[in-house]
Every structure is written in structure tokens, then in C-alpha cells.
Amino acid sequence: MSTNFLRVGLCGIGLDAYWPQFDGLKSRLEGYLNRVSAIVSGAGVEVVALGLVDDLKSSREAGRRCRREEIDILFLYVTTYAVSSTVLPLAQRAGVPVIVLNLQPQAAIDYEAFAKLPNRTAMTGHWLEYCSACPVPEIANLFARANLPFHQVTGYLGEDHIKNEIASWLAAAKVQATLRESTLGLMGHYYSGMLDIYTDVTRISAIFGTHIEMLEVDELSALRATVDEISLNDRIAEFHLKFAVQPDCSHAELARAARTSVALDRFVTAHDLHLMAYYYMGSGNQPNEDTMSSIILGTSLLTSRHIPVAGEYEVKNAIAMKIMDALGAGGSFTEYYAIDFAADHVLMGHDGPGHNGIAEGQTKVRPLGVYHGKVGRGLSVEMSVKHGPVTLLSVVEDARQGSGHGFKLLVAEGTSEPGPILEIGNTNSRYSFSIGARGFIESWNEQGPAHHCAIGIGHRSADLKKLAKLLGIPCIQIC
């Protein structure tokens, strides 16, 4: 499955009564529509060009074509005044989120040149090229009364703001399409007692569109038993290539991890998984204990290959990690570790999988004899997130009475800072926030998230807010 595939419907809207009245108006508006098409297609998506919709017949046909072409999102470019009855059949038949593009040809009318036009007919025809804003309230009123969600981009052709906004909407739409086409594998069970991470997986599928596959640890252990020596040695060599394997890692532990990693790849392929959450404690079944105590290097490789894996059966955080990954921001598993009040930094990390693609330097592999609060042994990864701008994302149960949403996105932008970290064989970074460490901790906690979240590189709140709008759920940004 391509995480970048997106089919975008694009049409201009106008009024057929204008064309015989104002020579050249229609062709000029079609020229502007071509410029918008170039902006959209330049973002690496497939554009379904619906042309200039200017009457009821063309609206109905454009709507039917949207259904035939299975578009993911509709960009409605308001070229000039258009009656709202022209828009309704198209939007209803398309049945996808609508982005209303309220775009003038230029930042302002050239009033001096306008005054020199030969007559009022020519003046009116020229003014109508700048009349995009006029019908937008009418269209908004229609959508509100017809219960059709819509979103707006306002500006003029050629400005960076418009290109950035269109690119951001497309990025959000790609994430939504990716979630709908993804399969989330759930293997094992929740970490007992962590009530915050328990969730309704049916609602996960309903809101995010993600298919959920329930998996058995026994199957992974059986696959592990079939791994041949060539595949095993190739994977050990890959470990040395992808990680900084520390000298105190024994060959026996590397071989255990390699066997599990190869089996994991086959497991993921067999079930066509695109993300995964797991946790399994074990109770004396040696093959399963061998599997689960040697899983971290394999799950780290999967996470770096755009198949994010969340430990502790953290279903909501697997979704958050996939969202960040689909945005090209990474998406690594993390939680609070401590607060450095002297530096005003929050230390965050986690045991289990890390994301090589967003690491500061090379990820180290270390042996661990104990996992805090868990049964475990074997090899673990130690890394820090790249220094620079970062975004934290949590998929949060929306528990407000009568909210009807089920989930909300919780977002914070900050900075991954250089400095000392805890070298305990875990992912571990230090972060600063514009509202300070204390302000971040209190504001984040007020929103009631689970104690895990996903960390990605770059500031991506604008894209995440748009994704939330497409999903029909709230997005709260605290900084």
C-alpha cells in the first residue's frame, strides 16, 4: 500500500449566465483553474479534473464522476459568483470532505487600469474575476444547513500562503487515506492495570477507518522456529549496519533477536500489517517467552520501515505513531521520564521499539538484564530524537459528556535539546517547550491523555489540525 496515494477532485464553480454577457471571462477563469490544478498536482497526488461547473447539469455529472473515480477529497475553487444550488448536487454525490478555495487572481484589483476600461460591461467582466469571496457565505450557509462539513482556504494565486495551505490539506488527506487503508495488528494483551491505555477498538475503526486484526503470539513463535541460518546471519549483519551494536552484546542474544526479527517480517507480510501494538508477559511457555524477550530490535526495524510498533499493547499510540509516520515526521514511542527543572527540560523516552529514522546519531544496542516493571531480558535500543523542532501527538479518549467524538488529538510543539540523557538502554531525549516544562506538564495532563504519546520531528500542528477536521474530531494544541 502506498502511503502517498491520494485522488483529489478539483473543480471550478461559476455561473453559466455570465459567459454570453462578458467576452473572454470563462476562458480567463479556466486559465486560473489550470493554475490551481498545477499547484495541487505538484504535491504528488492524482488530480481528477472536473472542469468548470456552472449549472445544475454539470454539477450532477461532476458529482457522479467523483463517485466513479473514488476521490478522497474535493477542492472546490470559487472562480467567481456561483449560485449555491449549483454546488449542492456535486457535494452530496461526492460524499467526501470539501475544501473551498476562495482565491482571487491577484492580491488586489489594479484600480487605475480598471478605471481605463472602455465601458461598464468590460469593468463588470473584469470585477467578476475578483468575485471569489462573494458566494462563499452562501455556500457556507448551504453546507451548514445540509450538514456537509467543509473547510476554507482564502487568498490569491501566487502567494506562498495558498501553496502551503493546499499542501497542508493534502498532507492531512494523505494521512486519513493511509489510516483507512491500513491494518493494525494486535498481539497479546494490555499491560494489566494500565487503565488509561484500554480503549474501544471498534471505535478506533469507526473514527480512523483502520482495520484491526487480532493476532496470536503462538503464530509468531512458530514462524520463528522456521528461520534458516542464512536468513539469521543476514539479519545479524543488518543489525550491525543499522545499529551501533555495543561490545557487551553477546552473539547468542543477537542471534535470538535476529531470529525473531526475520519471523516478525514474515508475520507482518502474512497479515498485511501496516502498524502493530503488542504486549505479552508469558507464563512458562518457553518458545513464546523467547519470542517476546527478543522482539525489540525487530520491532525497531519495522518502525523505521513505516510499520510503527507500539509496546504495552498501546492501541491509541500505535495510531498516533502511524499518523506521525504518514506525515513523514517519524513517530516514536515515548512517555515522561523526569523533569530537569534546572534546565527547564522534560526528559522523555521508553523501553521497546525506537525509530532509527529520527535518531540523533546512530541508535545503540545494549543488553538488559531487567525491564522496569516487566518480565524481560535480551537486547534493547538506546537513542535520542534528532535535535531540533519536534511535535508530540496523543490520540486521547474524548470523555466529555455528550461530545459524540470518541477521540481527540492532543498536540504540542517543542524542541529536542542536546544534553545529558539516561544511558539505560531506552529511547531517551530532553525537550523544551515555549510554555516551560512545568506549563507543558500541567497543560498536557489537563487534557486527560494516556501516559504514552508519539514523538515526531518538525512542527506539524497545522497538518494535524487539518487531519482532525477531516476526521471530524477535536484537536487541542497546548503549545
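A residue counts as buried when its relative accessible area is under 20%, as exposed when that area is over 50%, and as partly exposed in between, using a 1.4 Å probe and protein chains only. The structure is a predicted model, in which local features need pLDDT of at least 70 and side-chain atom pairs count only at pLDDT 80 or more, while totals for chains, interfaces and linings use all residues. Residues are numbered from 1 along each chain as its sequence is written, and side-chain values use heavy atoms, with hydrogens and water left out. The protein chain has 479 residues, of which 56% count as buried, and its secondary structure comes to 16 helices and 19 strands. Helices (H or I, at least four residues) and strands (E, at least two) are DSSP runs, numbered from the N terminus.

**The chain as a whole**

- Taken along the principal axes, the box filled by the C-alpha atoms of the protein chain is roughly 90 × 50 × 45 Å.
- With contact meaning heavy atoms within 4.5 Å, 78% of the contacts between residues at least 6 apart in sequence join residues at least 24 apart.
- The accessible surface of the protein chain is about 19,600 Å², and 52% of it belongs to carbon and sulfur atoms; such areas come from the Shrake-Rupley method with a 1.4 Å probe, and for residues only the protein chains shown count as cover.
- The mean positions of the 40 positive and 51 negative charges lie 6 Å apart, where Lys and Arg count as positive, Asp and Glu count as negative, and His and the chain ends are not counted. The place of a charge is taken as NZ of Lys, CZ of Arg, CG of Asp or CD of Glu.

- Strand β1 (residues 7-13) runs parallel to β2 and is joined to it by 6 bridges; L10 has A49 of β2 as its bridge partner.

**The four-stranded sheet**

- A further open sheet has 4 strands in the order β7-β6-β9-β10, again with parallel pairing, and its edge strands are β7 (211-215) and β10, each pairing on one side only.
- Strands β9 and β10 pair in the parallel sense over 2 bridges, with V309 of β10 as the bridge partner of M276. Helix α11 (residues 251-271) packs on this sheet, touching β6 (183-188), β7 and β9, and its direction makes about 130° with that of β7.

**Other strand pairings**

- Strand β13 (residues 364-368) pairs in the parallel sense with β8 (residues 244-245) over 2 bridges and in the antiparallel sense with β14 (residues 378-382) over 5 bridges.
- Strand β17 (residues 427-433) is largely enclosed by the rest of the structure, because 7 of its 7 residues are buried. T427, S429, Y431 and F433 point one way from β17, and N428, R430 and S432 point the other way.
- Strand β12 (residues 345-350) runs antiparallel to β17 and is joined to it by 5 bridges, with H350 and T427 as bridge partners; strand β16 (residues 406-417) is also antiparallel to β17, with 4 bridges, and there G414 has F433 as its partner.

**Residues in loops**

- Most residues other than glycine have a negative phi.
- N147, which is not a glycine, has a positive phi of about 55°; N147 lies in the loop between α6 (136-145) and β5 and counts as exposed at 68% relative accessibility.
- H306, also not a glycine, has a positive phi of about 70°; H306 is found in the loop between α13 (296-304) and β10 (309-310) and is partly exposed, with a relative accessible area of 46%.
- M281, in the loop between β9 (275-279) and α12 (286-292), counts as partly exposed at 44% relative accessibility. M281 and Y190 are 91 residues apart in sequence, and their C-alpha atoms are 9.7 Å apart in space.

Note on methods
Pairing = 2+ DSSP bridges. Axes fitted to C-alpha atoms, helices over the stretch in contact; angles between N-to-C directions.
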